[in-house]
Every structure is written in C-alpha cells, then in structure tokens.
Amino acid sequence: MADHESRSQVALSFDRGTLLLTGPQPQDLSAATESSVWKWDARVGAWRCDAVHYAAMRSALSRRFGTRFQDCLPAPVRVSWPKQDLPEPRAEQREALVAWVRAGRRGQIIMPTGTGKTEVAFAAMAETQVATLVVAPVRDLMYQWHRRILATFGYDAGIVGDTTFDIRPVTVTTYDSAYIHMDKMGAGFGLLIFDEEHHLPGRCRREAAILSAATMRLGLTATPQRSDGLHTDLDWLIGPVVYDLPFKHVRGSTLADFDVVRIPVALTDTEQATYDQCSRTVRHFIMSRRKELPGYSWQDLCKEMGKDPQARHAQKAYYLKQSIEDRAAEKLRVLEDVFRLHYGQQTIVFAGSNAMAIEVSKRFLVPSILSHTPKRERLAVLDGFARGEFTVLVANRVLDEGVDVPEAKVAVVIGGQASTRQATQRLGRVLRRSGDARATLYEVVCEDTKDVQRSRKRRRTDAYERTVHRRV
C-alpha cells in the first residue's frame, strides 16, 4: 500500500490565490522542495502554499517526480498584437530590457522619471507575447496605461477597477483592485507589470503579487525606497533589482539639464504669533502626557482625541500649524513673482494641500487638478495645458507619480511631504528633454517652521545636488 502511494500522481492546481498539491507524502515533499512554504490543509486533504511560489515549486516538483508530476494550472494564453508601434529604444532602455530577460524575466527596473520606463514595459510585452496584467497605483494611471496600450499595440485591454470588471488576455488594474480580485484571476496571466512598484509592499497590496502564479514579473519605479523599509520585500514579491540607472547618468542627455532654486520666505507677524501659540499648545499637551506615559506619541494623541477634549484641542492646533505653513501669504507673493519671471512659459505648481491648490487656482484664475477632479475634467485640463490654452497648472499630489504631464520647463513647489520620492517625482515632471531648453524647479519654504525640516529631508537625493538659495 505504501509503495502504491509513493508512485501515485502528484498534481499541482490553483485555488483562490494558492497552490494545491495532492499526492506526495511528507518525506517526498521535503526532499523535493522547500517544505516550509507548504501547509497541510486537512479540509481538502492536500498541501497548500501561496501562488507566488509557483515558478520555483513547478521546477522543483518536476525534477523530483518526473512524469508522475502533473501541472494542472492553465497555461497563460499567447497574445498576438494587432500592431507594434514602438519607438526605437534608447541605449539605457535596451540595457534595462536585456538585464530583465537575462535575470529570467523577473526583476525590478529603476530609472529616473522621464527616461521611458513605460517603453521598457512595452518592449517586455512585445518580447514575451503572453497574457499580461498591468497594475498601477491609481485610476488615472490605469486609464493612461489603457490608452497607451491601445495606441502602441492596437489592443483594447480589459479593465478591473473603477466599478468595471472586464478581464481580457491583457488587462489593466489598480493595486487596490488587484489584491481584491487576484484570488479569481491569479492563474490567468504569465506576466505581471507593477508600475510604481514601491506601492506594492503595503500590508494589503502585497497580496496582488502573493496571490498570483505569474512566472514573469516586472517592477518599475524611479524611487523604490520606503520609509518603513518594506521595499526589501520587493526582491521576493517581484524579483531582484536587475537594472538601476543613476540620475546623474541621464542629466543633460536623456533628461533636460535643470536648476533647483530654494526660496525662503517668512511668516507675517500675525501668522508667526498664531503658529508659535499652536506649537506651545501641542508641545505642552504632549509633555504633560509623557510625565505619566513616557512613550506617549502623536499616534496616542490621535487615538485619544475622540474622548479627550484636551487631545482634540491639541490636534486642532497641530493642523492649524500645518495650514499656516502651507498657505503662508508670502508663498503667494513669491508665486506671483515667479509667474511674472516666466510669463508665457508652461508652469506647474505643486501645492501641499487641496485647500492651497484651490486658493492658488482662484487667486490667479488658473485650472487645478485634485484627487477628486472628475476624469473627463482632468483630461480636458491636461489637453488644454498641452495645447497652450493656459500656461499654469496647479495640483496637489495627483501629478506626483506616473501621470503623463504635457511638456513644461518650470515647476514651483509651495508645499509637500518630507519625502525624497515625492521630491524626485515632482522634479521629473519638468525634465523631459526638449532641445536644449533648461528646466527650473523653485521650492518655496517658510523659515522658522517645520517646513524647513521637510524641505531638508526631501532634498536628500542626488537629483537635488547644487541647489541654489535665493531670496525674492
């Protein structure tokens, strides 16, 4: 009986984002694969592991059991492109694709914003010709991928997200929709493309990679690092870094040369007095709490604000501080001077909040794009900016990552996070090369506030070397 069991069929199948393995005895399984990834599921009488291990498990089981091994996962369909309207790749794009192919078509490609990561992805899709799922951070980028796939390959891709569930051999989706639905579509794709891959390691979003059996994976980003350190998980979720293009290698060649100008401004007397009072309120509350609870933090304050009036008062003071930093009157004055200096030039203004973006839009009668701006309005605004119908565009965070922005050579940052990723992405919005035109990014910072610390942190990148400091 034992001999019969040892010679029985060994079958591997896909089940709701996991792999099911039937047939092998525990001793056979430990000899064949890394047994720690498998867990016995008594409900179905089979071994189970996450689908992300499919490529490694298929290879190991085939070597160990030979003809007894049966792979029951459906093979991803082949894709025949109606057309391939791909531009001639630049040297760095060819190098990136070759490095990815040599690494077994699994890995991360890190290239500065504006150097053509999307074109590398399209070259990978043309090279593999297999069912592909493209995962993007937000709906705008999902639809942008859809439009570009249609223009490049003549292929009308499916969409999963934004109330649509239309799966086709080539499909675009968002990270949130991908991890929600991957248990149903995780066996259908041979290639996963993660745009702005640094979003993937989040606690839920990583399920988009874990629940998929795709053997080929490509991650794209300009800024892989995360403050929580979880970017190291990308090595097993996608694959190792196979190509990393330093910013300095493309400055002035593939990308336009540029200047970064930091302009410090001061709060008005009234703003400064209110700011200082708010700072004292927050500091006094936290210090008083730490006398009783030494480890008391801002997170603890947020937890208490629903039941403690003093905590709520301190939180309101904190947000008022942020509002003063973000919407300082001097920032608007400097912004007016920059508009005059670059009159007639396409200019993008990056605000730190929706409120400031709206204020700039109303004061200077220029269009804005915010997170809640309807899709049709966003496209109309970007199209009008591209045609030169207006020369200034204001945004909060919606243009930080990936969204194709019409050509501009001037950007003004009047608020933002203490994030080198955001700083690099915003700079990249004005670095697409156009002849010998030089780009300029202005960073307007309130002195004697937390705005200074955020500015220092986000400039800790080689893209912000040789920053010029000016007063206006």
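Select Arg58 and show what surrounds it: leaving aside neighbours within four places in sequence, Arg58 is in contact with Phe69, Asp71 and Thr215. Keep in mind that this is a predicted model. Arg58 belongs to helix H3, residues 54-65. Now draw a distance from Arg58 to Asp71. They lie 13 residues apart along the chain, and their C-alpha atoms are separated by 7.4 Å.

**Next stop: helix H4**

Select residues 91-102. These 12 residues form H4. At 1.5 Å a residue the helix should span 16 Å, and the end C-alpha atoms are 17 Å apart, which agrees. Now colour Glu92, Gln93, Ala96, Leu97, Ala99 and Trp100, the buried residues of H4. Look down the axis. An α-helix has 3.6 residues a turn, so residues three or four places apart point the same way.

What covers that buried set? Show strands E6 (106-110), E11 (191-195), E12 (216-221) and E13 (241-244), along with helix H5 (117-128); the cover includes these elements. Then step past the end of the helix. Gly104 follows H4, and its phi is positive, near 85°.

**Then helix H7**

Select residues 175-185. Pick out Tyr175, Ser177, Ala178, Met182 and Met185, which are the buried residues of H7. Turn the view to look down the axis: they fall within an arc of 130°, so they line one face of the helix. Now display their partners. The buried residues of H7 pack against strands E1 (10-15), E7 (132-136), E8 (158-161), E10 (170-174) and E11, and against helix H8 (207-210). E11 was also among the elements covering the buried residues of H4.

**Last stop: H10 and H12**

Select H10 (residues 269-292) and H12 (residues 309-326). At what angle do these helices pack? The angle is about 145°, with the axes 9 Å apart. H10 passes H12 in a left-handed crossing.

Show the side chains between them. On the H10 side, the contact residues include Tyr275, Cys278, Val282, Phe285 and Arg289. On the H12 side, look for Ala314, Ala317, Tyr318, Lys321 and Ile324, among others. Colour the whole contact by residue type: its residues divide into 10 nonpolar, 5 polar and 4 charged.

Definitions and conventions
Residues numbered from 1 in each chain as written. Predicted model: local features only at pLDDT ≥ 70, side-chain atom pairs only at ≥ 80, totals over all residues. Heavy atoms only, no water. Axes fitted to C-alpha atoms, helices over the stretch in contact; angles between N-to-C directions. Helix = DSSP H or I, 4+ residues; strand = E, 2+ residues; numbered from the N terminus. Left-handed = near helix turned anticlockwise from the far one by under 90°. Contact = heavy atoms within 4.5 Å. Nonpolar A, V, L, I, M, F, W, Y, C, P; charged D, E, K, R; others polar. Expected span 1.5 Å × (residues − 1). Buried < 20%, exposed > 50% of the residue type's maximum accessible area, 1.4 Å probe, protein only. Arc of directions from axis to C-beta.
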